[in-house]
Amino acid sequence: MDFVMKQALGGATKDMGKMLGGEEEKDPDAQKKEEERQEALRQQEEERKAKHARMEAEREKVRQQIRDKYGLKKKEEKEAEEKAALEQPCEGSLTRPKKAIPAGCGDEDEEEEESILDTVLKYLPGPLQDMFKK
């Protein structure tokens with residue numbers, strides 16, 4: 001009967017004991033094996049990073065040779081020059097920085113609006129002036 005039971009459950013009898021609250025089998029060398037595995041993973045990762053760094057250095061060397069050959073500039077150098085060019089004000093430029101809005105353009109006080117209304121009222125005939133003043 002024991003044989004039939006093992007065949008029916010397959011290899012699950014080991015796991016059945018764990019599920020029913022039995023003790024888990026502990027490998028005495030498990031900790032050591034795990035540490036070795038972690039160290040091997042760290043070493044592989046370091047080797048991979050070193051390989052990629054070498055490849056990138058070779059690529060950059062080839063890029064620099066091409067830049068020298070054709071007189072091209074690096075992206076960072078281009079961006080720095082463009083930024084410097086934007087910061088320098090150009091004479092005769094049609095655009096101006098937004099910060100340089102002259103005083104009185106768009107930021108009018110209520111007093112100025114009232115003075116404009118008073119100016120318009122001066123040019124109206126007398127009866128209309130009285131209507132608007134009320």
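Buried means under 20% relative accessible area, exposed over 50%, and partly exposed in between (1.4 Å probe, protein chains only). By this scale E77 is partly exposed, because its relative accessible area is 42%. This is a predicted model, in which local features need pLDDT of at least 70 and side-chain atom pairs count only at pLDDT 80 or more, while totals for chains, interfaces and linings use all residues. Residues are numbered from 1 along each chain as its sequence is written, and side-chain values use heavy atoms, with hydrogens and water left out.

**Chain overview**
- The protein chain has 6 helices and 0 strands, where helices (H or I, at least four residues) and strands (E, at least two) are DSSP runs numbered from the N terminus.
- Of the 134 residues in the protein chain, 2% are buried.

**Helix α3 and its end**
- Helix α3 covers residues 30-70, and its 41 residues should span 60 Å at 1.5 Å a residue; the end C-alpha atoms are 60 Å apart, which agrees.
- The expected span is 1.5 Å times one less than the number of residues.

**Nonpolar patch**
- V62, I66, Y70 and L72 form a nonpolar surface patch with about 400 Å² of accessible area together.
- Patch residues have over 30% relative accessible area and no salt bridge, with nonpolar side chains (Val, Leu, Ile, Met, Phe, Trp, Tyr) joined within 5 Å and like charges within 9 Å.
- A salt bridge is a side-chain nitrogen of Lys or Arg within 4 Å of a carboxyl oxygen of Asp or Glu.
- V62 lies in helix α3 and is partly exposed, at 44% relative accessible area.

**Negative patch**
- E76, E77, E79 and E82 form a negative surface patch, with each Glu charge placed at CD.
- E77 belongs to helix α4 (residues 75-87).

Notes:
Areas by Shrake-Rupley, 256 points an atom, 1.4 Å probe, with all protein chains shown as cover. Lys, Arg positive; Asp, Glu negative; His and termini not counted.
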